[in-house]
Amino acid sequence: MAVIIVAMTWVLLAPGGPATVGAVGPDDIIAIVVDGIGTPATSTDPANPTRPWTRILDADTLASRYGFGTIASAEVVTVPGRVAPNNSDVLLTSGTGSIRTIGSDTFRENHQLPSSQFTVRTVARELVPRDVAFVGDSVGASAKSELLTLTDGTFSSLTIDTLDSRFISKTPPSPSGVQAVALLPMNLDLVVVELGYNPSTNMAADIDAMMTALAQRNAARVIWINMAELRTEVGTSVYAAANAALRDARTRWPGLVIADWNEVRITAGTDAAYWFDDDGVHLTGSGQAQFALWVRQVLGASVPSAIVYPPSRRFAAGERIELQVVGKDVTGPDGVKRKIPVGAAAVALNITAVTPDQAGYITVWPCDVARPDSSNLNYATGAVAANTVIAPVGASGKVCFYSDQATDFLVDIAGWFAGSSGGTPSFIGATPRRVVDTRNGIGGPKLRVPAGGTVTIPLAGATMQRTDGAPDVIPADATAVAMNVTAVLPSQAGFITVWPCGTPMPNASNLNFTRGAVVANGVVTSLGGGAVCVFSDQQTDVLVDVLGWFPRGSGEPPFVGAVPLRLVDTRNAIGGPRGVVPSGAVRAVPVRSVTVDVNGTPQQVPLDAPAVALNVTAVEASAAGFATVWPCGTPMPDASNLNVARGGTIANGVIAPIGSDGSVCVWSNLGGHLIVDIAGWFGGGDNPSFTGNVPRRLIDTRNKIGPGPL
């Protein structure tokens, strides 16, 4: 989808009518979120010194009031010597570095805040190349002003159409929800529906009418916000049946996603009591702010990290998580903060399933296309399993995750691959395609790979589908491919090695398995004669899914694949002393200037290589735990690259950004042996093919980090 960045345009129509926001320019602060405590007495409410509250302030309005062009930051600081609760100031910094100090009491009076005890946080403009619409009733209408502030210039276009007392299909008032949809632009990327509080005589039929109208407008995605089940009659929730009808509608409309506002208010606990008016439906000032912050996330933009809603909960069986990666803030090994740019071809992720309810799998794919029949991570009941994925990014800038069993879920990002920028892209992402499945005779005979057997997989000329749906083939001169390789029910414990055909099999492994397990690993490998070879030292079924390829293009190749070389093996004193790595120890692994075999020619990893492709293996762990890989010279991140049970041996592919000293660091609390193999490096220079960052956790369902499941 093409996105044109133009000057800011606001079109505000009559109250209740649609408001359209055009695409805009720079990525600056658009709103200030104020969280406070304590409210004064009103004619209907006594004073409450412990009541929490939230307000949204427009950054442009603040800048104008305090004589700034733009606001770059805001913070509340305590002033020594003053008496609480008026012992703090608000510091506003302009885009040019000017600072304005406002006493908290004055700031409260200026902006009609309930009390002068508060903190502030900023919301940055996050460019999301998506055309979206919001159709709602009086609940949505009450938060419309806050939502417009929070989405100022965020989306390519945003249409908000709300109307008090609106029904889904019934009139008056007019237009109904169905009629409002008929007036929306064609071919929207996403429509969010907030309707259902006003009674329906046949909720199922109303939902079908709404979905049919949206299909006629060719809306690519529909998210329906359910109802808060606070209002009761004779002890029964008024909206439980309507919410049940919404859930049932997903069997008739598989593309329908429910955004669970009812679950949000349940998880918020006592805080949510202050979000709703006495009728249990309409929103207070705090409720309007919290609802608007949540809807911003539903629409596809992130929210400040201090927000804890939507609630964190386990990734349920059959659910999907949508992660906006374009626009995310990350920090490079050089300490410079960057945003993942629009047009990034793919991102390097590490995904982890934590204590699943049952054995199952996770699939990763670009959200712009249908979920493929492939897997990226396989897990056992109650286990902790991780895998590295090169995840293609579509026009929406989002990556999707699906789990077929309930599990907690973590996602860490290690960097991104550059898009074309008018030339050859560094990585061409594809809808994951299964090219080998020995269980079903895909890519070869329906026959398990025997112990000591090798599968040859011709990939040059293989038909693929790009993330935009266009057909393509892997060219004969592709420098490498990104794959996911899975061993299914091996007869004995063993390993699999992947390497370019036509060269001797290396002394390295890509995944390690136990008897009867299902284990997957991400692999980046170059091609030999257009093919990749897969060896297993034990009998097993094998699956291979292709995620994309690295084209040769002109100049320095985006990825230089090598015959895998063992850099560290603490069992054999390779790359350091022999012996178990103590729990909590850090091992620095030099990678720049290491000599490897590239198509039969010795080459050194260049000094400007931004990252390397590694395979890291923990062997015979003395305790259950994890290992983390990151660029040396930077603080160890809150992220993990592989997880292993006590006594286990597990491997994981890692795309590792390189530190300023030319090394990557490995930390573990496993107390076992460590193996590190290198499979190649990414092109550097003025236009690096891969931009690495200190790994950053984007999703952790255990700790309310990132978007929740849909």
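This is a predicted model: local features need pLDDT of at least 70, side-chain atom pairs count only at pLDDT 80 or more; totals for chains, interfaces and linings use all residues.
# Questions about this structure

User: In E8, which residue is the bridge partner of aspartate 35?

Analyst: Strand E3 (residues 29-39) and E8 run antiparallel, joined by seven bridges. Aspartate 35 has its bridge partner in E8, and that partner is threonine 119.

User: What is the average twist from one strand to the next in the open sheet of four strands?

Analyst: This open sheet has the order E25-E34-E29-E32, with antiparallel pairing. Strands E25 (428-437) and E32 (518-525) each have a single partner strand, so they stand at the edges. For such angles, lines are fitted to C-alpha atoms (for helices, over the stretch in contact), and the angle between N-to-C directions can run from 0 to 180 degrees. From one strand to the next, the twist averages 20°.

User: How many bridges join E29 to E34?

Analyst: Strand E29 covers residues 480-488 and strand E34 covers residues 541-550, and they run antiparallel. One of the pairings sets valine 481 against its bridge partner in E34, tryptophan 549. The bridges joining E29 to E34 number nine.

User: How much space lies in the largest cavity?

Analyst: A cavity is a set of points on a 1 Å grid over the protein atoms alone where a 1.4 Å probe fits but cannot get out. Points are joined across faces, edges and corners, and the volume is the space filled by probe spheres set on them. By this rule there are five cavities of 30 Å³ or more. The largest holds about 220 Å³.

User: Which element gives the largest share of that cavity's lining?

Analyst: A residue belongs to the lining if it has an atom within 4 Å of a point. The largest cavity has 27 lining residues, with Gly522, Val523, Val524, Leu614 and Gly653 lying nearest its centre. Among the elements that give two or more residues are E29, strand E30 (494-500) and strand E39 (611-619). The largest share, four residues, comes from E32.

User: How many residues of helix H9 are buried?

Analyst: Buried means under 20% relative accessible area, exposed over 50%, and partly exposed in between (1.4 Å probe, protein chains only). Helix H9 (residues 285-299) is mostly covered, and glycine 300, with a positive phi near 120°, follows the helix. Of the 15 residues of H9, the number buried is 14.

User: Which residue in E15 stands opposite valine 222?

Analyst: Strand E12 (residues 222-225) and E15 run parallel, with four bridges between them. In strand E15 (residues 256-259), Leu256 and Ile258 point one way and Val257 and Ala259 the other, and all are buried. Opposite valine 222 stands leucine 256.

User: What is omega, roughly, for the bond from threonine 171 to proline 172?

Analyst: Proline 172 sits in the loop between strand E10 (155-162) and helix H5 (177-182). A cis peptide bond also joins proline 172 and proline 173. The bond from threonine 171 to proline 172 is cis, with omega near -5°.

User: Is glutamine 112 buried or exposed?

Analyst: Glutamine 112 lies in the loop between helix H2 (104-111) and E8. Its phi is near 55°, a positive value in a residue other than glycine. Because its relative accessibility is 72%, glutamine 112 counts as exposed.

Conventions:
Residues are numbered from 1 along each chain as its sequence is written. Side-chain values use heavy atoms; hydrogens and water are left out. Two strands pair if DSSP finds at least two bridges between them. On a 1 Å grid over the protein atoms alone, a cavity is a set of points where a 1.4 Å probe fits but cannot get out, and a pocket is an open set with protein on both sides within 12 Å along at least five of seven lines; lining residues have an atom within 4 Å of a point.
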